[in-house]
Amino acid sequence: MIVVGNCESWPGIETTARHLQQGAHGLDALVPGLSLVEAEAKVRSVGYGGWPNLLGEMEFDASVMNGTTRDYGAVAAVPMTLEVTRLARAVLENLPHTMLVGEGARRYADELGLARDPVLLEHSKEVWWRKLEDVMTPEQKDAFPNTDLAPLTRAITDPEKVRDTTVFLCKDSRNNICTATSTSGWAWKYPGRVGDSPIPGAGFYADSRYGGAACTHTGEMTMRCSTARTVVLAMKLGMSLDDALRLAVTELQELKSGYTGGVVIHAIDAAGHHRVINVGCEEDIIYWIWTPQLGKPVKQQALKAEDLLTGRVEALS
């Protein structure tokens, strides 16, 4: 089975489903699918279609995790690189480290022969500068980029301030549970900002004995609560998938200070059940699900946290 967060992830879902149908290992199925999402300019929160930071530069984050071994690889704030999920897997497989960031990650991409990609769409560049012009004073414009950027992180509050991630979770034919994440990060972020997508336990976690989880939207919250790890650990301690998610949701809702917003938790258990929970996002959250029984990927709507907490949910099938 595969659960795919972000309804814009259509470029890679069928590829991943086909690999799983053919018996591929979970990571061998997830990475090719996510690479197609990263290359698609129509997907506006990942890869080529993503949004830049405040300096107009693209920085990408990604991770992969094998729940059977609990090995993972991650990269963060990587410049000039679209195939960051592939790069994260290379970190897992080839290095004694688990995470590379920034120019170090790009150096390793060079060693692997990954192209130095043109990563900023002309449309993204135009929108980026237009947003900055709307909030900067004449003095700031004249000095840019040699001006304080911190005040601008709160000044740009339009709907295109994307905080989304593409997450793929799967249970393969050999019962390996794996996760993969990729994102261009928070649009108009302060340069160097890293969200939860490459952080194990926050943006993703997998243990094939119990389940897997991955999160999207406000990573500043899931990093504080170790949300993905909470879900999996709760199942390890004997909770059902729904009860594990209730615990994770409650922890997120307890946060009252700092930057808060919506979170989406995607989770599967070792039996192959899944839930996707919308915690405080005003918009409806749509995701993709595929199983051999379904035959093709289908869209579903995430369950609202309030319905989960009050028990207004259908039984897991």
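1. A word on burial to start: a residue counts as buried when its relative accessible area is under 20%, as exposed when it is over 50%, and as partly exposed in between, using a 1.4 Å probe and protein chains only.

2. Some ground rules before the details. This is a predicted model, where local features need pLDDT of at least 70 and side-chain atom pairs count only at pLDDT 80 or more, while totals for chains, interfaces and linings use all residues. Residues are numbered from 1 along each chain as its sequence is written, and side-chain values use heavy atoms, with hydrogens and water left out.

3. On overall build, the protein chain has 11 helices and 13 strands; these are DSSP runs (H or I of at least four residues for helices, E of at least two for strands), numbered from the N terminus. The radius of gyration is 19 Å, close to the 20 Å from the globule rule for 317 residues, so the chain is as compact as a globular protein of that length. That radius is taken over C-alpha atoms, and the rule is 2.2 Å times the number of residues to the power 0.38. Along the principal axes, the C-alpha atoms fill a box of roughly 60 × 45 × 35 Å.

4. Now for contacts, meaning heavy atoms within 4.5 Å. Of the contacts in the protein chain with a separation of 6 or more, 66% are between residues 24 or more positions apart.

5. As for the surface, the protein chain exposes about 13,200 Å², with carbon and sulfur atoms supplying 50% of it; the areas come from the Shrake-Rupley method with a 1.4 Å probe. On charge, there are 31 positive and 40 negative side chains, and the centres of the two sets lie 4 Å apart. Lys and Arg count as positive and Asp and Glu as negative, leaving out His and the chain ends; each charge is placed at NZ of Lys, CZ of Arg, CG of Asp or CD of Glu.

6. If you're wondering about disulfides (cysteine sulfur pairs within 2.5 Å), a search of the whole structure finds 0. For cysteine 225, the nearest cysteine sulfur is that of cysteine 215, 9.7 Å away. Cysteine 281 also has cysteine 215 as its nearest cysteine sulfur, at 11 Å. Cysteine 225 is buried at 11% relative accessible area, and cysteine 281 is buried at 9%.

7. Have a look at helix α9 (residues 227–236): 7 of its 10 residues are buried, so the helix is largely enclosed by the rest of the structure. Among the buried ones are Thr227, Val231 and Met235. The buried residues of α9 pack against β7 (204–207), β8 (211–217), α8 (219–225), α10 (241–253) and β9 (263–269). Just after α9, glycine 238 takes a positive phi of about 105 degrees.

8. Finally, some backbone spots to check. Most residues other than glycine have a negative phi, and most peptide bonds are trans. Arginine 70 has a positive phi near 60 degrees; this residue is in the loop between β2 (60–66) and β3 (71–78) and is partly exposed at 39% relative accessibility. Histidine 217, in strand β8, has a positive phi of about 80 degrees and is buried at 16%. A cis peptide bond joins phenylalanine 144 and proline 145, with omega about 10 degrees. Proline 145 is in the loop between α6 (138–143) and α7 (150–155).
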